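Q: Could you walk me through this two-chain model, starting with the place where the chains meet?

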Amino acid sequence: MLTEFGKILIFILFAAIFVIITLFVAKIVRPNRPTFEKLKIYECGENPEGSPWVKFNIRFYVIALIFLIFDVEVVLLFPWALAYKEMGFYGFSIGIIFLLLLVLGMAYEWRKGDLEWARPKPKPPKLNEILKNKTN
Amino acid sequence: MTIWEIIITSVIKIAIALTSLLLSVAYMVYFERKISAWAQNRLGPNRVGYRGLLQPFADVFKLLFKEDIVPDAANKTLHTMAPFISLFVAFATYAVVPIGPEVNLFGYQIKLVVADVNIGILYVLALTSLGVYGITLAGWSSGSKYSLLGGIRSSAQMISYEVSIGFSIGGVLLMAGSLRPIDIVNAQYGGMWNAILQPIGFITFVVSAFAETNRLPFDLPEAEPELVGGYHTEYSSFKFAGFFLAEYANMIIASLLIVTLYLGGWQIPYVDKLGLSEGLTVVLQIASFLLKTAFMLFVFIWVRWSIPRFRYDQLMNLGWKVMFPLALLNIVWVAMLIMIFKL
């Protein structure tokens, strides 16, 4: 008996064969004349400066962490959604409690400013002002 | 049915599905160029074949004959793999979308779907998550600053909107009580389309689908004025065609999913009250499914030529501060609907 995922496997095999054949044909018919300039990476015609793996903003990392938390919650929500109609009011209240917890986490992140992409510049305390305030 | 009959029917279904997918991708490119020309009062492609109808084939052959340049700084293995990850994800998702009800052909009961998986929606979600890898690896492995920035932006964008997609689908699952796409369509019988019952979820899903497929107004990863080509700056020849195909295939799959989850799939309200013969009804239903999908695809192109691109901070704010709370609200709304009206 062929399971449904078996059919998906055949589907993927067909797609893979198609891609491999086109790749093979392309390899035969296309020219291959590399030169020094062609193999350089594109940087608007200038010589590339420094390492291509530049440092990127930490906020991307924070976004990935938030995503991880909420995506796990999506996974937890799906079984509840599927069984919801059999559970009546009990299921409803459980779902609301779960969603409330979610909203609390969301509100915390919002308040902390982790969802803010354009953050205001941090204001480091200035020694002069602190001393002035103390003497007053 | 014996095992051989099952294999033969599925091979035929797969052949039809793949050919129609490839053809529709090719003609999506053509229609996008025609509609954009129409929107901007130009002519669009009109030289190759009758009214430019053979243009997609000319494009494909051009890309086949182009030299494939892999820069020296690139990580060769990952650079080659990335477009195929994108293509694989785009093609494999297609296998679980049903285009019509069960039909009786030559004495066999045939489901008009390649694989009737009972966890179809989970399968779709899992594969679309994998799609992030193709773009991130392409950006990272090219060894170019533009590619890296484009790839990182794109992955952050896609994961942000994936959360809203997940929560919007939660509303649909509440209504259907099943992860099987056919059950979800059947649950929308008689004009009870999810788009009408849960308009908020519909909007969040559509907007997030735009962001997931990197279409304008959310095409930040390849914002041309600042990032050249984004993650595919260093791609040429057939590898570039891979990304191109994957983008359009993703768009088609997004439309198919919108129709299946929210617009009632192949359902036409009250068509069974008209007293038409069974065969005609099925043909009408399949036609309605294709029409709805074509309309969603038109909306994709229409929006592209009507709305300017977002700034990156606006994109993130929209994703986390508007779409995500709205998707949560939608779940509460659907749960209340079911509680009150016992749907």
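Q: What is the count of salt bridges between chain B and chain A?
A: The count between chain B and chain A is one salt bridge, meaning a side-chain nitrogen of Lys or Arg within 4 Å of a carboxyl oxygen of Asp or Glu. This is a predicted model, in which local features need pLDDT of at least 70 and side-chain atom pairs count only at pLDDT 80 or more, while totals for chains, interfaces and linings use all residues. Residues are numbered from 1 along each chain as its sequence is written, chains are lettered from A and ligands numbered from 1 in the order in which they are written, and side-chain values use heavy atoms, with hydrogens and water left out.

Q: Which side chains meet in the salt bridge?
A: Those of B:Asp68 and A:Arg30, at 3.8 Å from N to O.

Q: And how many residues are in contact?
A: On chain B 80 residues are in contact with 64 residues of chain A, where contact means heavy atoms within 4.5 Å.

Q: How much area do the two chains bury between them?
A: About 6600 Å², with 80% of it on carbon and sulfur atoms; buried area is the accessible area (1.4 Å probe) that two parts lose on being put together, summed over both. B:Glu67, B:Lys145 and B:Trp320 supply 11% of the area that chain B buries against chain A, more than any other three residues.

Q: What is B:Lys321 in contact with?
A: Leaving aside its neighbours within four places in sequence, B:Lys321 is in contact with A:Trp110, A:Leu115 and A:Glu116 of chain A, and with B:Met316 of chain B. B:Lys321 itself is found in helix α12 of chain B, helices being DSSP runs (H or I, at least four residues) numbered from the N terminus.

Q: Where is B:Ser288 found?
A: B:Ser288 is in helix α11 of chain B, which covers residues 278–304, and B:Ser288 is buried too, with a relative accessible area of 11%.

Q: Which residues does B:Ser288 contact, leaving aside its neighbours within four places in sequence?
A: B:Trp266, B:Gln267 and B:Ile268. As for B:Ile196, B:Ser288 is 92 residues apart from it in sequence and 17 Å apart in space, C-alpha to C-alpha.

Methods. Helix = DSSP H or I, 4+ residues; strand = E, 2+ residues; numbered from the N terminus. Buried < 20%, exposed > 50% of the residue type's maximum accessible area, 1.4 Å probe, protein only.
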